Amino acid sequence: MDDFTKNYIDARRKVIAKNFPRLNAKQKEAVMATEGPLLILAGAGSGKTTVLINRIANLMKYGRASDSNELPPDANGEKLDVMRRYLAGDESLKREAEEAAALDPVAPWQILAITFTNKAAGELKDRLNAMLGETAEDIWAKTFHSACVRILRKEAPLLGYPDSFTIYDEADRIAVIKRILKDENMDEKVYPPRWAANCFDQARNRLQTPAMFARAAEKSGDFRMQGAAKLYEAYAKRLMEAGAMDFDDLLYNTVRILREFPEARERYQRKFKYVLIDEYQDTNNLQYMMATLLAGGHQNICVVGDDDQSIYAFRGATIENILSFEDQYDHARVIRLEQNYRSTAHILDAANAVVANNKGRKGKKLWTDAGDGDRITLYIAKNEDDEAQYVVRQVLQAVDRGDNLRDHAVLYRLNAQSRALEQAFLRHGIRPRIVKGNPFFERAEIKDLMAYFFVLLNPADDLRLSRIINVPARGIGNTTVERARGIAEENGLPLFTVISMAEAFPELAKSAGKLKPFVEMMNGLSSTAHNEGLEALYDALLEKTGYAAMLESARTDEAANKLENVRELKNFIVTHVRESGDDTLAGFLDEVSLYTDLQAVDLDENTVTLMTIHSAKGLEFPTVFVVGMEEGVFPSLQAIGESEQMEEERRLAYVAITRAKKRLFLTSARQRMVFGQTAPHRVSRFVDEIPPEHIDRPYSDLKTSAWFDFDDVPEEDAGWSAPAPKRAAPPAPAVRDWQKTRKKTIAPPAPKAAAPAASFHVGDRVEHSAFHAGTIVKMTPMGGDHLVEIQFDAAGLKRLMLKAAARYIKKI
DNA sequence: ATCATAACGCTTTTT
DNA sequence: GCGTTATGAT
């Protein structure tokens, strides 16, 4: 390389770097490494969104200049001179210097930036807009699923789907499975719909068609899998016939198109010169394939993630994707962002120490220059009410000192834990914000109206049609619908087609008089949908279907409330039209189908936030309480003894701890009611994994927690790292509670008396009502109950709590 | 059809 | 313990 080239490249890099004065060295490196595969390991609070945005800005302004030894064709000494003078401080040359630095600026539509949540995608878009202006609109900043929808709206016909396919949510697909079970005379106990749905997801994650799945099931000899195969085939068929895809279908079908249709694949590969994937640790196999395929042309793939924050393995995410990135791309660069801008040192050190106990990780250590800060407070409560009271007390004290309620978050492992906390806050006049699923679109009245919209766009959607065909009541009863369904099935026609020509079928002759007006009404609304805007359609829908009239005439509080929700839907529609500029039914339904978290509406309200640790990922609060730090709660019972799951729980602990900016409280209850049963609990191992110098215990607790140190109890089983107390001996007073519980649970007074533990032993053959024959392989006493592990002949190993399971099990 | 009672089952859940 | 769902009775 000649001197001129070297100097030019050097000056160019400096000019570009001047755009990012506030980034640290690693962040800058990540922003400027534009070419080829790049893995950014971004620890919690390390500013990764900032890096993503600046990286995109760099691409659009300077192309590959910051990461290339190539000079633009018009490079000359004059341009080099301009850059040098600009770097020396001549701001008037800014524009010229920046122009000289650029090398093939990237067009916005050549950039694909994928996130997981709508919220993250929206934030990315907003910040890109703010930085780059209108041109940012053309960047594909989307969630995986919305990117898929965009691709599939165009390409789905390649697979035989209509391009107007609809999207089934979780509830829809469960309804379909239940329907199939009924039609096929299969038992919901043997094939729980959620279990089946999970099987389908796993199959598609492995790119298994129903036929392939059936073959594998046949080979395994597992009868439940064979049943699942039958269900999978029926499920795929029904969705295809209804022109519907579920969430995983969106990914699966996109991947199929990219794999099976080279012409389409190459088109997208050419289009996307740069691919960026956020939260890469949470990608499943389909998402991994999609990313790999889309970036397969230019190979400019940048993945950002934190292996320590992978907490969705249970949904098919595989940490392997991030761990093996360097094997997949052998010339991949790796940049670690370890400087944390969120928390103080005690908190970070605790998080580092906990997660260091995991084996399957890249290894990373967060650090900060923000100082030690406060130590972590550990409080051991008597029970969940005491725990909740403690939290409320701490919050109130902080508020007295001038903190805001909104600076506080309480995090828990299980949604069920929110109750005691909510009550405690309410008793003190604080109405906490409890983050959970989106209640609005779950409401029956909203689902009804949405079902109408879906059917208008896609009359083949039998599922949604069945929902609304007699709502409001219009004399089309179950018998009629079942009969029409039978005809539809026989003739391979959509339900709507059958009822449209009811006169043609003698079985429907009697109902034709009721069906005809319904069909005509729907056809009328359909032309409204085609000819008028969404708002007009909404009004027509409420009137013509009689839905508004039904609610207005009911005159109950409930109906009034529903009416209010229905009006709220109109607000939602109007807002959607205004903000997206899209007045089509199809556009609205796409948005609603993928927008499952409309939670963040009144986030400005000044109150405490309660949520699961999972929901807290990506958020931060000055003060964080993590409650329920107990063995069996966090880590959860089912993770104990399962090392993979335990590592995921530990990552969850890492996520929880790193949410805190300044103050972190951990609480643990000595006994807690779980599923209606009070049981003694010991402090979570994750607390023990924090070096003591980071923790303060309130004085009052020191004397009471001692009896729970079971370190001297011999483990009865090597695979069982957390033995529950099984011998009598702990000193009073806690003992008394424990013995009371024990007596009550071992010999329950309830009429439905469970078989006492004494009647079951390791090695016994048992018959279970759903899992059939099996052998008890392990029994572990736990909080007055027993955890029984049974190796079923057909259903595999199950772990059951004896008390709960006793009524299904008998000895054989 | 609509309500009442029984029965179940139960991590986490970005889309 | 409790919310959801299935079933059966009026």
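Reader: Where is the place of Pro472?

Author: In this predicted model, Pro472 sits in the loop between α21 (462–468) and α22 (478–491). A cis peptide bond joins Val471 to Pro472, with omega at about -5°.

Reader: Which residues does the cis peptide bond with omega of about 10° join?

Author: That bond joins Phe634 and Pro635. Pro635 is in the loop between β13 (621–626) and α30 (643–657). Most peptide bonds are trans.

Reader: Why is Gln281 called buried?

Author: Its relative accessible area is 1%. Buried means under 20%, so Gln281 with its 1% counts as buried. Gln281 lies in the loop between β6 (274–277) and α14 (285–294). Among the residues Gln281 touches are Val304, Asp306, Ile319 and Lys617.

Reader: What makes the pair Gln281 and Glu279 a polar contact?

Author: The contact between their side chains is 2.8 Å, and the cut-off is within 3.5 Å. Another polar contact, of 3.3 Å, joins the side chains of Gln281 and Asp282.

Reader: Why does Glu279 count as buried?

Author: Glu279 has 19% relative accessibility. The limit is under 20%, so Glu279 counts as buried. Glu279 is also in the loop between β6 and α14, and has a positive phi of about 50° although it is not a glycine.

Reader: Why is Gln299 called partly exposed?

Author: The relative accessible area of Gln299 is 30%. Buried is under 20% and exposed is over 50%; 30% falls in between, so Gln299 is partly exposed. Gln299 is in the loop between α14 and β7 (301–305), and its phi is positive, near 60°. Most residues other than glycine have a negative phi.

Methods
Residues are numbered from 1 along each chain as its sequence is written. Chains are lettered from A and ligands numbered from 1 in the order in which they are written. This is a predicted model: local features need pLDDT of at least 70, side-chain atom pairs count only at pLDDT 80 or more; totals for chains, interfaces and linings use all residues. Side-chain values use heavy atoms; hydrogens and water are left out. Helices (H or I, at least four residues) and strands (E, at least two) are DSSP runs, numbered from the N terminus. Buried means under 20% relative accessible area, exposed over 50%, partly exposed in between (1.4 Å probe, protein chains only). A polar contact is a pair of N or O atoms within 3.5 Å; within protein, one must be able to donate a hydrogen and the other to accept it, and residues adjacent in sequence count only if both atoms are side-chain atoms. Contact means heavy atoms within 4.5 Å. Lists of a residue's contacts leave out its neighbours within four places in sequence.
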